[in-house]
Structure formats: structure tokens, C-alpha cells
Amino acid sequence: MNGPFQAKHELTATKLPVEFEVLAPPPLLLPGERLDHYHALRQLIFTDLAPRSAIEWLLAIDVAELSWEIQRYRLLRHRLLVTYRQKAIEAALRHIDMISIAPEFEEEAEYYTRQNALSWRIDPVATTEIEARLTSYGFDQHAINTDVYVQAREVFILFEGLLNAAQARRLLLIREIKKHRIPG
């Protein structure tokens with residue numbers, strides 16, 4: 001069932017039989033997710049698992065759904081880290097820029113610090129300048145990464161739990177397909 005990947009021309013496509021389509025409801029995609037990517041992933045899994053019965057098809061459909069969820073969780077976890085990276089840049093800039101600000105100017109300085117962090121995220125020139133400035137004050141990429149993980153730790157743990165649970169369920173389903181094929 002799980003062997004070396006074959007070139008596209010060597011794969012024998014296994015399509016969901018029409019009579020089993022009721023077992024596979026339409027996917028619930030999030031904005032930005034592509035239906036053709038979902039179908040491609042599902043087709044590869046169907047081809048690899050080569051289900052032979054209604055039960056195996058049901059299990060294969062669940063394996064495909066879990067595989068899609070795992071990809072989704074990884075992408076969302078990455079996006080989360082990008083968002084927290086901007087917050088870490090903002091925090092580092094705050095350490096540098098807010099040191100000698102008079103109390104009456106703190107609110108305005110905070111605003112500009114947030115704007116600079118946003119510029120860091122969307123403007124490549126600003127990114128280079130801000131990162132060089134942060135490095136000159138001792139905030140290298142490792143320090144920023146550490147702050148990112150510290151800030152995102154609770155949500156990151158949530159995603160790790162979701163990933164681990166989905167991977168464990170997927171593995172159990174694959175084992176169930178194998179068990180179903182062993183003559184009793």
C-alpha cells in the first residue's frame with residue numbers, strides 16, 4: 001500500500017465509483033483553498049490505497065479528508081507564525097524606539113512602531129532596513145524567532161495537537177484498510 005512514488009504515467013488511476021459518490025460529500029473548503037488541489041490529493045490517495053469495497057472506499061475517503069486537514073493545519077500554522085513574526089518585529093522595535101520617549105508622545109510612537117512593523121511585512125526595502133537596524137541592536141533572526149514561538153506558543157500547541165490527532169486518525173484508518181484485506 002505504501003511504496004515508492006511512481007511517475008504520473010505509471011499510476012493506475014482509481015476513481016470513486018458512481019455508486020459510492022454518496023459516501024464522499026463535497027469538500028468544505030476555506031477561502032484560498034482550491035478544489036482542483038483537493039481533488040488531486042484525493043485522487044492520489046485513492047490510487048495509492050486502491051479501495052476494493054464500500055468499507056474500504058469509506059475509509060479511503062476519510063484518509064483523503066484527514067490528509068487535506070493536515071495540509072490545512074500546516075498552512076494555517078505557518079500563517080500564524082508569519083503573523084506573530086510581525087508582532088515580534090513590533091516588540092523589538094518598541095524596545096529600541098520607545099526607550100527615551102516622553103510619556104506625552106508614547107501613543108504616537110506606538111502608532112509609528114506598529115506602522116513600521118507593518119511596513120516590514122509588506123515592503124521589501126523596509127524589511128531590509130528594519131532587519132539591519134534590529135541586528136545592530138542585537139535582535140538577530142534567532143532572537144526574533146524565539147519571540148515568535150514564545151508569543152505563539154499556546155496557539156502553536158493547539159495546531160500541533162490538531163496535526164498529531166489527524167495524523168494518528170489517518171494512520172489508524174490505513175491500518176484498518178490493511179486489516180480489512182487480510183484473509184481471516
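In the predicted model, the crossing of helices α2 and α4 is left-handed. Helix α2 spans residues 54–97 and helix α4 residues 124–136; the two pack at an angle of about 55°, and their axes lie 11 Å apart. Helix α2 is therefore oblique to α4. On the α2 side, the contact is made by Ile89, Ala92, Leu93, Ile96 and Asp97, which meet Ile130, Arg133 and Leu134 of α4. Classified by residue type, this contact comprises six nonpolar and two charged residues, with no polar ones.

Ten salt bridges are found in a search of the whole structure. In one of them, the side chains of Arg181 and Glu56 come together with an N to O distance of 2.9 Å. Because Arg181 belongs to helix α5 (residues 141–181) and Glu56 to helix α2, the pair ties together parts that are 125 residues apart in sequence. Glu56 is buried, at 3% relative accessibility, whereas Arg181 is partly exposed, with a relative accessible area of 23%.

Glu90 is buried, with a relative accessible area of 13%, while Arg94 is partly exposed at 28%. A salt bridge also links Arg94 to Glu110, with the closest N and O atoms 3.0 Å apart. Since Glu110 lies in helix α3 (residues 106–122) and Arg94 in helix α2, this pair connects parts 16 residues apart in sequence. Through shared partners, salt bridges join Glu90, Arg94, Glu110 and Arg114 into one network.

Technical notes:
Residues numbered from 1 in each chain as written. Predicted model: local features only at pLDDT ≥ 70, side-chain atom pairs only at ≥ 80, totals over all residues. Heavy atoms only, no water. Axes fitted to C-alpha atoms, helices over the stretch in contact; angles between N-to-C directions. Helix = DSSP H or I, 4+ residues; strand = E, 2+ residues; numbered from the N terminus. Parallel < 35°, antiparallel > 145°, perpendicular 65-115°, else oblique. Left-handed = near helix turned anticlockwise from the far one by under 90°. Contact = heavy atoms within 4.5 Å. Nonpolar A, V, L, I, M, F, W, Y, C, P; charged D, E, K, R; others polar. Salt bridge = Lys/Arg side-chain N within 4 Å of Asp/Glu carboxyl O. Buried < 20%, exposed > 50% of the residue type's maximum accessible area, 1.4 Å probe, protein only.
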